[in-house]
Amino acid sequence: MNVTEPTANMSINTMEQPRVKRQIKAKSKERARELLRMMMLIRRFEERTYQEYTRPGQRIGGFCHLYSGQEAVAVGISAVFQKGKDYLITAYRDHGHSLALGMDPKAAMAEMFGRATGCSKGKGGSMHFFEVENGNLGGHGIVGSQIPLGTGAAFALKYKGIPGCCFTLFGDGAINQGVHNEALNLASLWRLPVVFIVENNKVAMGTQVERASAERELERRGSGYNMPYRAFDGNDLDEVIEVVGDAAERARKGEGPTYLVANTYRFRGHSMSDAMKYRSKEELERARLRDPIILYEQRLLQQGIITTRDSEEMESEVRQIVDEAVKFADTSPHPEPEELYTDILSEKYPLHK
Amino acid sequence: MPEIQFREALRQAMVEEMERDETVFLMGEEVGEYNGAYKVSEGMLARFGPKRIIDTPISEAGFCGLGIGAAMCGLRPIVEFMSWSFSWVAIDQLVNNAANVRYMSGGQFRVPIVFRGGNGIAHQLGATHSHRMDAVYSRIPGLIVVAPSNPYDAKGLLKTSIRCDDPVIFLESEMMLNDRGEVPAEEYTLPLGVADVKRTGSDVTIISWSKCMKYALKAAEMLEAEDIDAEVIDLRTLRPLDEQTISQSIRKTHRCVIVDEDWPYCGMGAGILEKVYQHCFDDLDAPVKRVCSEDVPSPYNHYLELQMQPNPEKVVAAVKEVCYR
Ligand SMILES: Cc1ncc(C[n+]2csc(CCOP(=O)(O)OP(=O)(O)O)c2C)c(N)n1
């Protein structure tokens, strides 16, 4: 990939409509349908989570951050993710990535309900989903904290001679943490197989990118490390597959890390308690015109890969899957009181307790 | 006396001190345009403008260090942590710089800065967002650590902290921000380093601070029914510790329970316990008991989280144990 020239940072106003005619990057038509369905599943899962969180008798607690609007990033990565070799790590907005990598929606919902059947046995919550079998190194609650961890996963791959890579994701706010600098330098210095991906949803909690980063072309925050960097349309699934796929190939071939900025938008508030006073209704409406799911759905329709009926069927399928996930979560047991004391160290040491 | 929320008491203290002293300013994530993640700084940007109410990027190490540098050069920053849990990423600045500059410069520089925000376990925030930083900072010479339990103390102590010429770690709790309490309209300040006996009693001394004071006071009430007369000390400042008030009380009651939300091992209560044994070993009629959080990371699940923490019932049980009842 030859992308050292920065591309303009697309703002929500200037992002052009993605080309409907664009070639499908999924490996097959069947796979394209699966990817669309996965995006729909994530959206449905998140919107249902919103309902469950806000309804009386709240069964989901703590901080909860929804991924609605950003689905194409996680799902695009999943299309190039090589299970068994690759890793992914992200921040607390982690439901979408986890589902895209293959987490059972039941285990995901049960985690938010704090149940023993959750992906982290009810101990982690919404911000801390993990799934070792899928190479899912987790959601991480401290902003920026996962960036060196992802770099470490890449180090382990290189050390063991495994031709995989680690997709290391973080928000536009996280690039202002100190570890961002340290990890980028280490990754490039040691040519580690990392794909750094900034999910630029334009705002960190209530702080717009322009109020937090002196450099507005965020991809340039990856410059100065002797690695390629570029921004791309994170709402266009095929573009994600193409750009992230190239960077992953580079990494797997031993050519080192790449710094990517996926321009996208979050439709919901930062977390559940956000009144969103920092953005106008018009801005949100404009952003919704570029809904990544609708864009991809239309592309598949126009290219005859799906019919309207297929798409309706998918909608009702995902609705059912999410209903079942909620039912499962709701009827699952809470962890036993003894669980408070397990999973702390690898085994009981003789003098402990 | 007007009754106000804990968060309003904090805001009043900051506003009054900013009115009084041009060098005081507030800096942190979402303190301005968003009006504070927990609305502590609500309205302050409108009142003081962006020169003095400063929104920062998510760069805790950077803006804490910047604040310390500004304090060395004559300003009095108030730095808000959205949560004290996030101070881990800035801890080098607080521990190496804020705490040591006066000493290392042989007294040439002072660091008049307040770091404040929510500390401890809130509600199902999980292991990364539930840290109790009490002991982490209280063990550092060169820092002052303040942890009020009610709006009145919070206002008086925060005003003094802002005027203080040393770095102050000011621990609040997200779970207390809605608490209401009487706060006089007239100006007042409270001294740092002085504990407050919130309830007098003769049978046992319960030592606590911050959020856990509620459990201590509630337990004292419950113990009345069992004919146990508990004295409850609110430490208010964890460093420097008011050892005198503690000793005086234990010399009277001969029994002691320490209640805090920290972990048991090397936790804040352990440090206080050592002081109690140093000063009062011969006065004690029973070993001191501690009620603290379980020795585990903070779980997300609601019930496990409750199980982990102190509560009034656990305090009552500990008191009965030290009273051999
Ligand atoms: C070190 C640290 N500081 C502050 C926070 C509180 N916080 C959580 S998310 C967030 C905004 C992060 O925005 P961004 O990185 O853009 O990711 P997004 O939420 O938009 O996905 C903040 C300030 C935190 N979790 N960790």
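K155(B) touches A9(B), Q12(B), A13(B), E16(B), V183(B), P184(B) and Y188(B), leaving out residues up to four places away in sequence; contact means heavy atoms within 4.5 Å. K155(B) belongs to helix α7 (residues 151–163) of chain B. K155(B) is buried, at 1% relative accessible area. Buried means under 20% relative accessible area (1.4 Å probe, protein chains only).

This is a predicted model: local features need pLDDT of at least 70, and side-chain atom pairs count only at pLDDT 80 or more. Residues are numbered from 1 along each chain as its sequence is written.

Chain B also holds an open sheet of five strands, ordered β9-β11-β10-β13-β14, with mixed pairing. Strands β9 (196–199) and β14 (289–291) of chain B stand at the edges; each has a single partner strand, so one side of each lacks a neighbour in the sheet. Strands pair if DSSP finds at least two bridges between them. Helices (H or I, at least four residues) and strands (E, at least two) are DSSP runs, numbered from the N terminus.

Strands β10 (residues 204–208) and β11 (residues 230–234) of chain B run parallel, joined by five bridges. I207(B) stands opposite I233(B) in β11(B). Helix α8 (residues 213–224) of chain B lies across β9, β10 and β11 of chain B.

Two angles involve helices. Axes are lines fitted to C-alpha atoms, for helices over the stretch in contact, and angles run from 0 to 180 degrees between N-to-C directions.

| Pair | Angle |
|---|---|
| α8(B) and β11(B) | about 170 degrees |
| α1(A) and α2(A) | about 140 degrees |

The axes of α1 (residues 29–54) and α2 (residues 71–80) of chain A are 10 Å apart.

Definitions and conventions:
Chains are lettered from A and ligands numbered from 1 in the order in which they are written. Side-chain values use heavy atoms; hydrogens and water are left out. Buried means under 20% relative accessible area, exposed over 50%, partly exposed in between (1.4 Å probe, protein chains only).
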